[in-house]
Amino acid sequence: MSRKPLIAANWKMYKTPAEAKAFVDAFLPLVAGHTRDEIALFPSVTSLATVVEAVAGSNVLAGLQNMHYAEEGAYTGETSATMLKAVGATHTLIGHSERRQYFNETDSIVNKKLHTALIHGIVPIVCVGEHLHEREAGLTGSVLLAQLKGALADIKPADASSIVIAYEPVWAIGTGKTATPEMAIGAHMIIRAEIANILDSSVARAIRILYGGSVKPDNATDLLDQDEINGALVGGASLKPDSFASIVKY
Ligand code: PGA
């Protein structure tokens, strides 16, 4: 199977440009020559240009944590796809649970952003995942289905091959609680089956599904060694070069 894993660092609202540059300077030598996985950093918007410049010519990519769906316009505080690309970034997160929770990002907004990312050739990482009460009520599958149906509405299978899905159970994000490999595999299989239904089975086979939620150096191997888990979206443990490098090189 040719699903090259992607290990992504979501720095959230951490790091000034100087701190981001110091991270990259320390990190690149630690992962030099690493080709098994794609590696991507997602800094804040103010550090994006610095990170793009610092990783140029290396095996590390850069993207943004959020992007607006409109081409341009009166959207105070937002960043467009054209702006993201003009700086040299190639990836964007879409629908992270913190965006859904604190910024009212709905499945329909996620869908609009996904269309815009694909039009612009930006690699989108679409985040989905259930809350604890939903898991406990046996609703994980239906929550994932609703999020995927919403996110993938009117996406054509032929345009979908660059889409990356991140399964991020909300109860595992920033909590130190990690899904077991079995839980993650179960959710990933549900996601892949739904993608086959919504798009088609060849897209479903090819699409990369990452796991996110308290991935750390000491649990990375158990999770990332699974065929069904095609990489990780890492928050807290991605803030230090040695910690993120040891996840990349699990
Ligand atoms: P965490 O965050 O690794 O700190 O749990 C993951 C994420 O929010 O993508």
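**Notebook: pockets and barrel**

I began with the largest pocket and looked up where its lining comes from: helix H4 (residues 97–102) gives the largest share, three residues. I took helices (H or I, at least four residues) and strands (E, at least two) as DSSP runs, numbered from the N terminus. For the record, this is a predicted model, in which local features need pLDDT of at least 70 and side-chain atom pairs count only at pLDDT 80 or more, while totals for chains, interfaces and linings use all residues. Residues are numbered from 1 along each chain as its sequence is written, and side-chain values use heavy atoms, with hydrogens and water left out.

**Entry on the largest pocket**

I noted a volume of about 580 Å³ and a lining of 20 residues, of which Lys12, Met13, Gln65, Arg99 and Phe103 lie nearest the centre. A pocket here is an open set of points on a 1 Å grid over the protein atoms alone, where a 1.4 Å probe fits, with protein on both sides within 12 Å along at least five of seven lines; lining residues have an atom within 4 Å of a point. Grid points are joined across faces, edges and corners, and the volume is the space filled by probe spheres set on the points. By class I recorded eight nonpolar, seven polar and five charged lining residues, where Ala, Val, Leu, Ile, Met, Phe, Trp, Tyr, Cys and Pro count as nonpolar, Asp, Glu, Lys and Arg as charged, and the others, Gly among them, as polar. Lys12 sits in the loop between S1 and helix H1 (17–31), and I noted its positive phi of about 50°, although Lys12 is not a glycine.

**Entry on the second largest pocket**

The second largest pocket has a volume of about 210 Å³, and among its 15 lining residues Arg100, Gly129, His131, Gln147 and Val170 lie nearest the centre. I found that H4, strand S5 (123–128) and helix H7 (140–151) each supply at least two residues of this lining, which divides into five nonpolar, six polar and four charged residues.

I then followed Gln147, which is placed in helix H7. Is Gln147 buried or exposed? Gln147 counts as buried because its relative accessibility is 10%, the limits being under 20% relative accessible area for buried and over 50% for exposed, with partly exposed in between (1.4 Å probe, protein chains only). Not counting residues up to four places away in sequence, Gln147 touches Arg100, Asp107, Val128 and Gly129, contact meaning heavy atoms within 4.5 Å. Asp107 is 40 residues from Gln147 in sequence, yet the two are 6.1 Å apart in space, C-alpha to C-alpha.

**Entry on the barrel**

I traced eight strands that close into a barrel in the order S1-S2-S3-S4-S5-S6-S7-S8, with parallel pairing; two strands pair if DSSP finds at least two bridges between them. S5 and S6 run parallel and are joined by four bridges, with Ile165 in S6 as the bridge partner of Val126. S6 also pairs with strand S7 (residues 208–212) in the parallel sense over four bridges, and there Tyr167 stands opposite Tyr211. Which residues cover the two faces of S6? I found Val164 and Ala166 on one side and Ile165 and Tyr167 on the other, all of them buried.

Asp154 has a positive phi of about 60° without being a glycine, and counts as exposed because its relative accessibility is 69%.
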